[in-house]
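Here is a short tour of one protein model. Keep the sequence and the 3D view open as you read.

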Amino acid sequence: MAFDGIVIANLTRDLKSKLEGGKINKIAQPEKDELLFTIKNNRETLRLLISASASLPLIYFTQTNKTSPLTAPNFCMLLRKYIGSGRILKVSQPGLERIIEFEIEHLDELGDLCHKRLIVELMGKHSNIIFCKEDGTIIDSIKHVSAQISSVREVLPGRTYFIPNTTDKADPFTVSLETFQKLIGQSPTPIQKALYQKLTGVSPMMGTELCYLASIDGDHSANELSEAELLHLHHTLCLMMEEVTEGRFTPNIVYRQEEPVEFASLPLTCLEGNEYEVIKFSDISQLLETYYASKNTITRIRQKSVDLRKIVQTALERNYKKYDLQMKQLKDTEKRDQYKVYGELLNTYGYELSGGEKELCCLNYYTNQEIRIPLNPQLTARENSQKFFDKYNKLKRTYEALTELTQETHREIQHLESISTALDIALKEEDLVQIKEELMEYGYIKRRALGGKKPKITSHPFHYLSSDGFHMYVGKNNYQNEEVTFKIATGNDWWFHAKGIPGSHVIVKSEGKELPDRVFEEAGALAAYYSKGKNNDKVEIDYIQRKHVKKTAKGAPGFVIYHTNYSLIASPKLELSEISY
């Protein structure tokens, strides 16, 4: 989610406690829309990262130092000139706006004490960092906004800074019941949407949370709310704002299967449940650094795998169409045996025909039922019989050829679906190397000349330790599935796989011991989690000792057969900690 006013309030409180009275020691501009301040306060050195990126505006304390360009940009040089050794007097947030303002004290060229304002606006694509005089006159900004870009407000040197009108939004700290009833109660939009459209600093997620806390369906139209419901909703808002005012923040990230989906400074009770996991933080900066690091990793991997996904998806769609066509053609061959029976019965009863008949009615000695055989009146019984045998032979040849083709197409679809699942499992860039290598090996990607050398493989299977101390290995892709099953595992180890769907091979090293029931449950949960059924509530898992698992003849890597197995039902979840290689 984007920064909302409540997260900004949490940040402002954190910044006030750590920065007020601190001295600016260093200012850097590692990116064109990003600043990195080094501040010393109470014998502690802090790094404050401020980004006005349109796609990812943020501000938080970080331990990471970034490399600055050899020549500092003009805005950075300007800040160094005025506030390079300045002292931060005050950190504030106007209302619940997505704005943080720093009041900074410094000495001018004559040694006189002066004050400047550094205003950070975290407003999505409109984000900016604006440097002003004490009276609000803009000295410069990290992004210049002219009248050609915005008709609402110019952000240029010499102009007066002001917060643009937020389209009749009310301040949630001060909004009266009467104003609230007018703004929300007269809106035709869904309730949760009306809340974030009419109240400053309230995000869509917090709008949903307010409805949930008030036990109101947020998808209903706001103008359908009764007076009592509006009163209750306003009271719920006041209680939430009371928590913000008193600083009772609970920074938390909501994860869904290891992927961060939301963060907030207040509990998101609307997302609590089996599907989600909530991790709480004591510090909002730590939360933001963790959230965006995780989000960036997932986003980067998805971007890196876009081309591979496109190749796999295109090949899959082509094969789906081919398979459907082949199955229709195969269905058309189902009449072949009927033509054979027609031919045989004509050879048996054809002597009864005198010529010119359009059909023969006779007893089918295969079923002991009467049958009517259509005839060409211009042909003799023998010629009609031969015609039916010709049709039978043609359809038989078609059936035999199509049966092999459909099996081949089905195997290719299974192979591509397994690669697609492997792309979903990939967490790091090195995990994509083996997948790309497999796509090259099977002709989906043209192999470029690399001096005859294959790329270095640094990705390894997942390695977990069960609650009872048994080692578990999980393949991330087909090559690794082959590795864990036929290289890492021995005959008496246990093998797990999601039934009938693409997924990882999971191996439990038994070390000659009998496995407790809990180990089977944990291994089944891993097999369900690393499969195409990851988002299902329950997944059926096949498990068997490794010695009963065999490679398929001429099959793709990681494809196996087994004839006797046990089954269990598992919930896709990841509760074990991975062991590093």
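## A threonine in a loop

Thr 333 touches Leu 395, Thr 398 and Tyr 399, not counting residues up to four places away in sequence. The model is a predicted one. Thr 333 sits in the loop between helix H8 (306-332) and helix H9 (336-349). Is Thr 333 buried or exposed? Its relative accessibility is 1%, and buried means under 20%. Thr 333 therefore counts as buried. The side chain of Thr 333 also has a polar atom 2.6 Å from the backbone oxygen of Leu 330.

## A threonine in a helix

Now turn to Thr 12. This residue belongs to helix H1 (residues 5-19). With a relative accessible area of 5%, Thr 12 is buried. Which residues is Thr 12 in contact with, leaving aside its neighbours within four places in sequence? They are Val 91, Ser 92, Gln 93 and Ile 100.

## Two hairpins in a row

Strands E1, E2 and E3 come next. Strand E1 (residues 23-31) pairs with E2 in the antiparallel sense. E1 and E2 form a hairpin, with two residues between them. E2 also forms a hairpin with E3, again with two residues between the strands. In that turn, Asn 42 has a positive phi of about 50°. E2 and strand E3 (residues 44-51) are antiparallel too.

Follow Ile 39 in E2. Ile 24 stands opposite Ile 39. In E3, Leu 46 is the bridge partner of Ile 39.

Why is strand E2 (residues 34-41) largely enclosed by the rest of the structure? Seven of its eight residues are buried, so the strand is largely enclosed.

Strands in a sheet pair through backbone hydrogen bonds, either parallel or antiparallel. Strand E10 (residues 252-256) and E12 run antiparallel. Val 254 stands opposite Val 278 in E12.

## A sheet of six strands

Another open sheet has six strands, in the order E15-E16-E18-E17-E19-E22. Its pairing is antiparallel. Which strands stand at the edges? They are strand E15 (462-465) and strand E22 (566-570). Each has a single partner strand, so one side of each lacks a neighbour in the sheet. Neighbouring strands of this sheet are turned by 25° against each other on average, direction ignored.

Helix H12 (residues 478-488) packs on the sheet. It touches strand E16 (471-474), E17 and strand E18 (506-508). The direction of H12 makes about 145° with that of E16. Helix H13 (residues 517-529) lies across E15, E16, E17, E18, E19 and E22. H13 runs at about 40° to E17.

Strand E17 (residues 494-498) pairs with strand E19 (residues 539-545) in the antiparallel sense. In E19, Asp 542 is the bridge partner of His 497.

## Strand pairs side by side

| Strand pair | Bridges | Sense |
|---|---|---|
| E1 and E2 | six bridges | antiparallel |
| E2 and E3 | eight bridges | antiparallel |
| E10 and E12 | four bridges | antiparallel |
| E17 and E19 | five bridges | antiparallel |

Technical notes:
Residues numbered from 1 in each chain as written. Predicted model: local features only at pLDDT ≥ 70, side-chain atom pairs only at ≥ 80, totals over all residues. Heavy atoms only, no water. Buried < 20%, exposed > 50% of the residue type's maximum accessible area, 1.4 Å probe, protein only. Pairing = 2+ DSSP bridges. Axes fitted to C-alpha atoms, helices over the stretch in contact; angles between N-to-C directions. Contact = heavy atoms within 4.5 Å. Polar contact = N/O pair within 3.5 Å; in protein donor to acceptor, adjacent residues only side chain to side chain.
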